[in-house]
Amino acid sequence: MKITVYVNGTEQVRDVEPRLLLIHFIRDDLGLTGSHWGCDTSNCGACILWLDEIPVKACTLLAVMADGRRVTTVEGLIRGTVLDPVQVAFAECHGLQCGFCTPGMMMTARWLLDRNPDPTEPEVREAISGQVCRCTGYENIVRSILAAAQHEREARA
Ligand code: FES
Ligand code: FES
């Protein structure tokens, strides 16, 4: 099937198998390997990206379901050469170890802060509750998201 998807602001037109998963379309057809493929069973959240600004697990959707819609991946968080404050905070606060969960965590974090610029720690933990990190114990991930929120509040002040 021929599909048109707007990925990180760029129109992408491809012929795809109807059974192709969105995560494989993004990674293999478009070469955007920032989104990871982990469990393939909707559990880990490594594949989280945005479909029309909503975080989704891309292993649970077919590529054809994104036809005519906007997809944002972790590569799309960067503005030119400027990292998103979430990306900066993850680096500052050591919010990762192996990095496998990190792109999905960042996409959820950015989505949360766009809607709730001053989240509490429980709100951050709830936001990432559908995602698994096997390395960090979540402490530094939560710290990173709270730090990003603080940096953004300071920048606005
Ligand atoms: S690969 Fe999609 S939730 Fe794990
Ligand atoms: S940093 Fe390794 S899974 Fe989260």
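Modeller: A salt bridge is called when a side-chain nitrogen of Lys or Arg lies within 4 Å of a carboxyl oxygen of Asp or Glu. This is a predicted model, in which local features need pLDDT of at least 70 and side-chain atom pairs count only at pLDDT 80 or more, while totals for chains, interfaces and linings use all residues. Residues are numbered from 1 along each chain as its sequence is written, chains are lettered from A and ligands numbered from 1 in the order in which they are written, and side-chain values use heavy atoms, with hydrogens and water left out.

Biologist: What makes the contact of D114 and R110 a salt bridge?

Modeller: The N to O distance between their side chains is 3.0 Å, and the limit is 4 Å, so the pair qualifies. Both residues belong to helix α3, 4 residues apart, about one turn of the helix. In general, residues three or four places apart in an α-helix point the same way, because there are 3.6 residues a turn. Helices here are DSSP runs of H or I with at least four residues, strands are runs of E with at least two, and both are numbered from the N terminus.

Biologist: Which other residue forms a salt bridge with R110?

Modeller: D84 does, with the closest N and O atoms 2.9 Å apart. This pair links distant parts of the chain, D84 being in the loop between β5 and α2 and R110 in helix α3, 26 residues apart. D84 has a relative accessible area of 10%, so D84 is buried.

Biologist: How do you know that α3 is largely enclosed by the rest of the structure?

Modeller: Of its 14 residues, 11 are buried, which means that α3 is largely enclosed. The buried residues of α3 pack against β3, β5, α2, α4 and α5, where contact means heavy atoms within 4.5 Å.

Biologist: Why does the span of α3 agree with expectation?

Modeller: The expected span is 1.5 Å times one less than the number of residues. For the 14 residues of α3 (residues 102–115) this should be 20 Å, and the end C-alpha atoms are 20 Å apart, so the two agree.

Biologist: What makes R70 and D52 a salt bridge?

Modeller: Their closest N and O atoms are 3.9 Å apart, so the pair falls within the 4 Å limit. R70 lies in strand β5 and D52 in the loop between β3 and β4, 18 residues apart. D52, E53, R69 and R70 are linked in a network of salt bridges.

Terms used. Buried means under 20% relative accessible area, exposed over 50%, partly exposed in between (1.4 Å probe, protein chains only).
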